[in-house]
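This report describes the chain contacts, the strand pairing and the helix packing of the structure shown below.

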Amino acid sequence: MNKDKSLYIRFEKWDDFKARTQAALKARKPSIGEKNTILFNSVVDYQKFMTEQKIAILAAIISQKPTSIYQLAQVLDRDFGNVQRDCTALEAMGFITLEESGDTKGSKSPKLAFNYRRIVIEMPKVTYSHELGEAA
Amino acid sequence: MSATRIILDEKFAINNRFRVVLYALEVPVSEKFPNGIKAKFVLIDVEGNFPRLLVDNHEPFGFHMHTALPENKDVRVELPVTDHNAALALFCEEVERILKNE
């Protein structure tokens, strides 16, 4: 059982991802993404995707356990269509799943992709320096 | 009897709108899969959670590209390759072309 209740956001450049996966396929050496990790091309792409409204959706799923997107929209006091659109995107990116709730309306019940309680964003390593000798 | 095993199972958010899903399974060499690889490479539009581009090599076709998704699943462009590495390279090229035109 995974006790680490974190979902990790990691970053890799598209060209690096391409090279890595193409090399793995060529060598037939398994390359399998970690289930608790979502890979983004850049920090900017992640920031554009993960709006405050989407964070609020994830938090509400944990705290309110809504049984439908309609109920989730009510909890958040947001328009149903907008919440549904955000949930669809969160599902497509791997943050949540939308499970058939089995009612006659065909409602979908939003659940976290796994039992995480925090999102850890692992920023790309940056080396930054000031050349003090040149400034003297 | 040869077992199957996963060679590639990777997902990658190429930007805030599209996600690439790469899946390849090593299978016993057969007429159906002469290279012993069953592959599926997908570009997903996350705004609707539907596939925008799909390359796979299921029966009765060789490697082919579904280029008219999500409207028409029956539009297939046969790829001039038999090798899964070349198919992945063509998929990546097409992904880049689509993103450039967005």
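## Interface between the chains

Two residues are taken to be in contact if their C-beta atoms, placed from the backbone, lie within 7 Å. By this criterion, 25 residues of chain B are in contact with 26 residues of chain A. On the side of chain B that touches chain A, three elements each supply at least two residues: β1 (5-13), β2 (18-26) and α1 (84-100) of chain B. The largest share, eight residues, comes from β1(B). Classified by residue type, this side of chain B comprises 13 nonpolar, six polar and six charged residues.

Strand pairing also links the two chains. Strand β2 (residues 31-32) of chain A pairs with β1(B) in the parallel sense, over two bridges. Within this pairing, Ile32(A) has Asp9(B) of β1(B) as its bridge partner.

## Confidence of the model

The model is predicted. For the complex, the predictor gives an ipTM of 0.89 and a pTM of 0.88.

Chain A has a mean pLDDT of 91, with 94% of its residues reaching 70 or more. Confidence within chain A is highest in helix α5(A), at 97, and lowest in helix α6 (residues 132-135) of chain A, at a mean of 69. For chain B the mean pLDDT is 89, and 98% of the residues of chain B reach 70 or more.

## Strand pairing in chain A

Strand β1 (residues 6-11) of chain A takes part in two parallel pairings, one with strand β6 (residues 118-121) of chain A over four bridges and one with strand β3 (residues 37-40) of chain A, also over four bridges.

Individual residue pairs locate these pairings in the sequence. Ser6(A) has Arg118(A) in β6(A) as its bridge partner, while Tyr8(A) stands opposite Thr37(A) in β3(A).

## Strand pairing in chain B

In chain B, β2(B) and strand β3 (residues 37-45) of chain B pair in the antiparallel sense over nine bridges. Here Leu25(B) stands opposite Lys38(B) of β3(B).

β3(B) also pairs with strand β4 (residues 50-56) of chain B, in the antiparallel sense and over six bridges. In that pairing Lys40(B) lies opposite Asp56(B) in β4(B). The two strands β3(B) and β4(B) form a hairpin with four residues between them, and in the turn Asn49(B) has a positive phi of about 50°.

Two packed helices are described by the angle between their axes and the distance between the axes. Helix α3 (residues 52-64) of chain A packs against helix α4 (residues 69-76) of chain A at an angle of about 105°, with the axes 10 Å apart. That angle makes α3(A) roughly perpendicular to α4(A). The contact involves Ala56(A), Ile57(A), Ala60(A) and Gln64(A) from α3(A), together with Leu72(A), Val75(A) and Leu76(A) from α4(A). Six of the residues in the contact of α3(A) with α4(A) are nonpolar and one is polar, with no charged residue.

α3(A) also packs against helix α5 (residues 80-93) of chain A, at an angle of about 80° and with the axes 10 Å apart. α3(A) and α5(A) are therefore roughly perpendicular to each other. On the α3(A) side the contact is made by Gln53(A), Lys54(A) and Ile57(A), and on the α5(A) side by Val83(A), Asp86(A), Cys87(A) and Leu90(A). The residues of the contact of α3(A) with α5(A) comprise four nonpolar, one polar and two charged.

## Packing of α4(A) against α5(A)

The axes of α4(A) and α5(A) come within 9 Å and cross at roughly 115°. These helices, α4(A) and α5(A), are therefore roughly perpendicular to each other. The crossing in which α4(A) passes α5(A) is right-handed.

From α4(A), the contact is made by Ile69(A), Tyr70(A), Leu72(A), Ala73(A) and Leu76(A), and from α5(A) by Phe80(A), Val83(A), Gln84(A) and Cys87(A). By class, the contact of α4(A) with α5(A) contains eight nonpolar residues, one polar residue and no charged residues.

How values were computed. Residues numbered from 1 in each chain as written. Chains lettered and ligands numbered in written order. Predicted model: local features only at pLDDT ≥ 70, side-chain atom pairs only at ≥ 80, totals over all residues. Nonpolar A, V, L, I, M, F, W, Y, C, P; charged D, E, K, R; others polar. Pairing = 2+ DSSP bridges. Axes fitted to C-alpha atoms, helices over the stretch in contact; angles between N-to-C directions. Parallel < 35°, antiparallel > 145°, perpendicular 65-115°, else oblique. pLDDT = per-residue confidence, 0-100. Left-handed = near helix turned anticlockwise from the far one by under 90°.
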